[in-house]
Amino acid sequence: MSNNENLLSTIKSEWIKFRSVRSSIMGVIVFAVLTIGLGALITFAIRSHWNQNTRIDKLTFDPVSTSLAGILFAQFAVGVIGILVISSEYSSGSIRTTLAAVPNRIRLAASKLIVLMASMFVVCEIVCFIAFLTGQAIFNGVVPTASLGSGQVLRSVILAGVYLTLLTALGFGLGLILRQSAASISVFVSLLLILPILVIFLPQSWQNNFSKFEPSELGRSMMAVTPRAEAFGAWTALLVLLIYVVVVLAAGTTLLQRRDA
Amino acid sequence: MLKIDHLTKHYHDVVAVDDLDFEVKPGVVTGFLGPNGSGKSTTMRVILGLDHPTKGRATINGQNYADLKSPLREVGALLDAKAVHPGRTARNHLRALAASNQIKKSRVDEVLEFAGISSVANKKVGGFSLGMSQRLGIAGALLGDPGVLLFDEPVNGLDPEGIRWIREFFRSLAKEGRTVFVSSHLMSEMAVSADQIIVIGRGRFITQGSVDDLTATAKGTVFVRASDTQKLTALVQTHEGTVQEINDKGLTIGGMTSDQIGEVAFNGGITILELTPQRASLEEVFMDLTADSVEYGSTTLGVAHHE
C-alpha cells in the first residue's frame, strides 16, 4: 500500500469526521450569517444615510471593504472552527482512537489541515462573494458601487476569502499547540483583538512599525482595493500571514509528534 | 503475537511502568491483572504508540505499532469507551475509522450488528450509557478483523448479561487463533474469563501463569473437624502448623498439608471427622502478591470489630 493511498484514506476519514459534527456545521452557518447579514445591515445603513456624508467622505468611500465589513466579526467563527477540529479530539479523548487508527501523526495533521482548508476555502470564497454582491446590490442607485470586472476589486474579494481560510489554519495550529478549546480560543481572540489594543500603548513611531504586522491589519491590507498608508500591500500582507501560519503549524505538528497522546 | 520488551515509562518523576517484559500468545485469553495505578493502561497506550516509551519497546508481530501500514487490520483496541466525540453518531464514528484504514463500508454495519447496537447506530454517542459505549468500542476494535485485540477494563459498565456476552466473545476470539489481551483490576473477573494471567503491581512484573498455576503456588489451608479440638490445636502448634481460625465447626490450619495433619492426629489418638484442603482463591493469591505494591492502599480505621 503506497503512502499516497494512505494519505487519501486519512483525508477521507477526516472529511467524514469534519462534516459529521454539529460544531463545524454550526460554525459555518454562524460565519455565513455574520458575514452576509452584517454586511447587508452595514451597507443598508450607509445607503440610507448617504446624503449626510461630506464630499470628502463620498470621494474616499470604499464600497468593497464596507460590503465585507461583516468579516470583522465572522473571523472569530472561522478561527473557532479550525481550533475545534483538533481541540475537540482532546477534550473528548477521541484523539487516542484517531491516533490508533492513524499512527503517523504528520499524516494525520496534514489530512486534518487539508480537509479544513479545502472546505473552508470554498465556503469562505462563496460567502465573501455573496456578501460583496449583496452589498453592491444594496448600494446600487444611491451609493457608488464596485465591479468584479476591476482586477483590484476581484483580488480584494478573493483575498478576503483567503484571509479567512488562513485564519482557520492558524486556529488549527493553536489548537495543536494548546490542545484545549478554551485556551486556544482565548489566544486566538487575543491575537486578533487584544494585540491591536496593546499596540496603541506603544510610542507612535513603534505603533506604525508594529501594527502592520498584526494579523487583523494584514487582513485589512489583503482586502484593501488601494494600498493603505503605513501598511503592507495586499500580496506582502498575504506572505506575512502565510509565514505566521506556517510557523504555528510547524510548532503544533512538532509538539504532536513529541508528546504523549 | 504481542511482545513487551523491557518496557519502562516515566511521566516526569513518576515511574508508571518499570522494565516490564513478557509475551502475549495467540489462541488464549491473557489477563493483565494489577491494582489501579499499576501501569496497565500505560502499557496498553505504549503498545498502541500513543505514549512514547522511556526505555524498551512493545511490538506486534515484530513491528512497532507506528510502522503498521493499516493498524486497525492488525490490532483492535478498546482503551476508553467514552473516548469518542459525543456529537458524532455511532455509525459516522465507525465509518471514519473504517475509511482511515481502507476497510469496506459494509463492515461498519456488520460490527454494529455484532455488538448489538444497530438500533442506535444513528444516535449521537454523547447520549450513550457506559455499557452502550463499551459495545461501540468493541465494534470499533473488530472493524479491521484484527489478529491482536486489546481491551482495557472491558467489563466496566456492562450489565450481567453484557459481562457474560463479553466473556464468551473473548473465548471465541481466542479460539479463532487471535491474541486476546484483557486488563482488569478484578481478579474474580480474570479467574473466569482468562486462561493465562500476567500480574503486575506498581509498574513491575510480579508473576505469570495459568489460573491453576497461580492458585497452586499460594499456600493453601486445611479445614479440620476433630474429636478433640484443643488437643489437636496444641499438637499442630508443636509442628510447623499454625491455627488460623477456630470456631464451633472446626479448625483452619495453615502451614501443613492434610497428610501431615492426619498423621499428627493419628499419633495423638484424635479422631478426624473431616479433613478438607482449602485452595486459596485467585483473589487471595492476588492480594498476597500485590500487597506490597498497591499504590493507593487503605489502612484499617480504629473501629472495634465485633466477632
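Guide: A residue is called buried if 20 or more other C-beta atoms lie within 10 Å of its own, exposed if 12 or fewer, and partly exposed in between, with C-beta atoms placed from the backbone. By that count, buried residues make up 44% of the 261 residues in chain A. This is a predicted model, in which local features need pLDDT of at least 70 and side-chain atom pairs count only at pLDDT 80 or more, while totals for chains, interfaces and linings use all residues. Residues are numbered from 1 along each chain as its sequence is written, and chains are lettered from A and ligands numbered from 1 in the order in which they are written.

Visitor: Why does the radius of gyration of chain A agree with a compact globule?

Guide: The radius is taken over C-alpha atoms, and the globule rule is 2.2 Å times the number of residues to the power 0.38. For 261 residues a compact globule would have a radius near 18 Å; chain A has 20 Å, which agrees. The C-alpha trace of chain A spans about 65 × 40 × 30 Å along its principal axes.

Visitor: How many residues of chain A are in contact with chain B?

Guide: Contact means that the C-beta atoms of two residues, placed from the backbone, lie within 7 Å. By this test 24 residues of chain A are in contact with 32 residues of chain B. Helices H1 (3-19), H2 (22-48), H5 (71-92) and H6 (94-101) of chain A each supply at least two residues of the side that touches chain B.

Visitor: What makes strands S5 and S9 of chain B edge strands?

Guide: Two strands pair if DSSP finds at least two bridges between them. The open sheet of six strands in chain B has the order S5-S6-S7-S3-S8-S9, with mixed pairing. Strand S5 (75-78) and strand S9 (204-210) of chain B each have a single partner strand, so one side of each is left without a neighbour in the sheet.

Visitor: In which sense do S8 and S9 of chain B pair?

Guide: Strand S8 (residues 196-201) of chain B pairs with S9(B) in the antiparallel sense, over six bridges. Within this pairing, Gln196(B) has Ser210(B) in S9(B) as its bridge partner.

Definitions and conventions: Helix = DSSP H or I, 4+ residues; strand = E, 2+ residues; numbered from the N terminus.
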